[in-house]
Amino acid sequence: MIGLGTIINTIAIVFGGIAGHLSGRLLKERHQETLSMACGVSVLFIGIAGAMEGMLSIENGTLNSDQAMLVVISIALGAFIGEIINIEGWFERFGEWLKGKTGNSKDENFVNGFVTASLTVCIGAMAIVGAIQDGILGDYTILATKAVLDLIIIMVMTCSLGKGCVFSALPVFAFEMGTEEAVYHAFQVLSDGGVVIDPIHELPWSKCCATVIDRYGVCWWISI
């Protein structure tokens, strides 16, 4: 099923946020640091393994390294473009909008938690490559692995930064779903037997978005 990995990843973030909110007093700071380091090492291992797979090759019994310059250029160019379009600023404005719409106007850490968590779970090779494989091939294995990591990461971040972190599920869903067709498809599936809060419409930061509560009572905000 195309898009299944995105749904798994989104649900994992929601559950991670809920778990973090409920267990905030149980997880001590040293427990949070240990879980964060474990996730960090796992992400590094997966990232290095993926990069080495594309850069290293064996020819005539000799190990060769290629495309190192491409990696450097891609990282530098991506960082430069991100600063030009001010991605963090867009997240902050959307966070302020969410803060008011969700009744968290008095939560001073809401926007900070939302932006920090969103940038953490949205940026990375696993999100990009996983979304491509899920959307084109229907292979959700990378996003399923990312979902486990995101669940732990968001749980830990929610303990320290508050419930704004759980709303990072929204940009992850929008980022990984990717197309207007996917948004319309997701809207049809989620609204079947559910309640439509906002039909598909356009906002300053999204040309195609909607809010719906599915048949199980879970509220979804889908967009591109």
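## Helices, rings and cysteines

Helices are DSSP runs of H or I with at least four residues, numbered from the N terminus. Keep in mind that this is a predicted model, where local features need pLDDT of at least 70, side-chain atom pairs count only at pLDDT 80 or more, and totals for chains, interfaces and linings use all residues. Residues are numbered from 1 along each chain as its sequence is written, and side-chain values use heavy atoms, leaving out hydrogens and water.

Just after α3 comes Asn86, with a positive phi of about 55 degrees.

Next, helix α4 (residues 87–101) holds both Phe94 and Trp97, 3 residues apart, or about one turn. Ring pairs (Phe, Tyr and the six-membered ring of Trp) have centres within 6.5 Å; planes under 30 degrees apart are stacked, over 60 edge-to-face, the rest tilted. That rule gives 4 aromatic pairs. Phe94 and Trp97 are stacked, because their ring centres are 5.8 Å apart and their planes are at 15 degrees. Phe91, Phe94, Trp97 and Phe114 make up one aromatic cluster.

How buried are some of these residues? Buried means under 20% relative accessible area, exposed over 50%, partly exposed in between (1.4 Å probe, protein chains only).

| Residue | Relative accessible area | Class |
|---|---|---|
| Phe94 | 6% | buried |
| Trp97 | 28% | partly exposed |
| Cys122 | 8% | buried |

As for disulfides (cysteine sulfur atoms within 2.5 Å), the structure has 0.

Terms used
Helix = DSSP H or I, 4+ residues; strand = E, 2+ residues; numbered from the N terminus.
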